[in-house]
Every structure is written in C-alpha cells, then in structure tokens.
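Here is a short report on one protein chain.

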Amino acid sequence: MSPDASSPLSRAELRRYSRPLLVPEWQEAGAQERLRAASVLVVGAGGLGGPVALQLAGAGVGRLVVADADTVDVSNLHRQTHFELADVGRSKAAVAAARAQAINPFVRVATAPMLTEDNADALIADVDLIMDATDNFEARYAIADACTRAGKTSVWGAASGSTGLVSVFGPDPIRSRAALGLRDVFPIPEGAESCAEAGVLGPLPTIVGGMMALEALKVLGGIGERLWGRIWTFDALSADVRVLKLRPAASVMGATKT
C-alpha cells in the first residue's frame, strides 16, 4: 500500500524530491505527498507513453501501471529512446516498466495488457488518473468511454508528423466543472494518422509526452491551470505553441484561441 497524502515524507524522499519541493506552489499544496498517494495508468509504452512513465516515476507517483501489447521494433528507436537495440522484439510494457522502476525505488511499477473495450473498466477501476498515450482510435475511444462511465480524468496526447496535441478530459476536481470527454470534442474518430502512416519527427513525442506528464503532476498535485477544456498545440517546424478553448462537438480547427 502507498502511504496516504497525510503521511510525512521520509528523509530519503525529501532528499530525492528536494528540487520540486523548492517550487513554492508545489510545496505549499502538499503536492509531493499527494503524488506519492496516487495511482496512474499509462496506456501505451511507445513514443508518448515511455516519456510519461519515466517522468512520473522520477516525480514520485506512488503506483504506476504500464499497459501495452506491442513489442519493440527497430523503427521505434529513433523516437522511443527509452528502448535500445537489444530490446527489439521484447514487450514494450515490460521494458518501459523496468526502466521506470530503475529510476525510483519508492514507486511501485506494474504492467498490464493493452486496454480494450473488454478490459477497460477493470483496468481503470483502481487508478486515480489515466494517461492516454496510445496511437490508435480503438484504444483512445475505449479509454474515453471507460473514463466517462467511471467519472475519471484522463490526460490525452497525440504526436504525428510535426504536430503535437495535449488536453485533459473528464471531471475538473478543483473547480468542480462538468466533465468534458473526448467524444464531446471529437465525436467521430477521423482526421488523424498514426506515426506509421504520417511519420513523425523523433523529438516530438518526447516533447508531447513531457507535457502530458506535467499536466498529470498538476492534476494529481492540485496546482496550476490544467488543460481542462483546452488543448495545447505545438508545431515543431515553426516552434509555434497555441492553447485553444474547446467546445463540445467542435473540431480543433473550430476551437477558440485563448
């Protein structure tokens, strides 16, 4: 069992997390203790999920579950730098989980099969936050539907070609606003291609995965302005960043710039 949020950090934990504890908002919110008490499911262990899992492990999330059914391919290595050539053919979830566990012994890391419509409810039942780091519509909408049924929050990210996107879907626990889900914004799964179809520049998934991890820390730590009801967009070729307000049943192109 992970310690609850009211348990004081040990001397070893204080030393390990000394840098984030210097951030006033993080320290004042007791965010490190909240993070230690949290459980997170990372769905996808590739270009997005790998950086997410490593960053959350380093940050000190109490329990981390990595779900993926894929194996490492040599074509992954230009962007999925948590893998190496010797990992080709191995389970992505197992390798990513082992890397995450090696970073932080205070984190409990486990693996799970890839999330599907059949097992989605069971996989998200005992976690506090779901990280949608997948690259296919079937898994994305299975995650979205399960989170809607359970009233849970997910951090969603996408990286394709030279474009990255990040948002937060589900209940906003700080402001108690009504839930906004993936299907409310993108009712029909269309208009996007996977990395295998559109290609992707190597550093882009790492940038997007890092942004997803940052949103997770804000959600779990209870600090800052999360991307609930908004979407962060990044153009790698121009370095332009925009944050757009989302409306139900609106496309990203029809969203409003903030």
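## Second largest pocket

The second largest pocket holds about 160 Å³ of space. A pocket is an open set of points on a 1 Å grid over the protein atoms alone, with protein on both sides within 12 Å along at least five of seven lines. Its volume is the space filled by probe spheres set on the points.

Lining residues have an atom within 4 Å of a point. There are 18 of them here, and Ala-144, Cys-147, Thr-148, Gly-170 and Gly-181 are the closest to the pocket centre. Elements giving two or more lining residues are α7 (137-150), β5 (153-160), β6 (163-172), β7 (177-180) and α8 (182-185). The largest share, five residues, comes from α7.

## Model and fold

This is a predicted model: local features need pLDDT of at least 70, side-chain atom pairs count only at pLDDT 80 or more, and totals for chains, interfaces and linings use all residues. Residues are numbered from 1 along each chain as its sequence is written, and side-chain values use heavy atoms, leaving out hydrogens and water.

The chain has ten helices and ten strands. These are DSSP runs numbered from the N terminus: helices are H or I, at least four residues, and strands are E, at least two. Of the 258 residues, 51% are buried (under 20% relative accessible area, 1.4 Å probe, protein chains only).

## Exposed Val-74

Val-74 sits in the loop between β2 (63-67) and α5 (92-103). Val-74 counts as exposed because its relative accessibility is 53%, and exposed means over 50%.

Notes: On a 1 Å grid over the protein atoms alone, a cavity is a set of points where a 1.4 Å probe fits but cannot get out, and a pocket is an open set with protein on both sides within 12 Å along at least five of seven lines; lining residues have an atom within 4 Å of a point.
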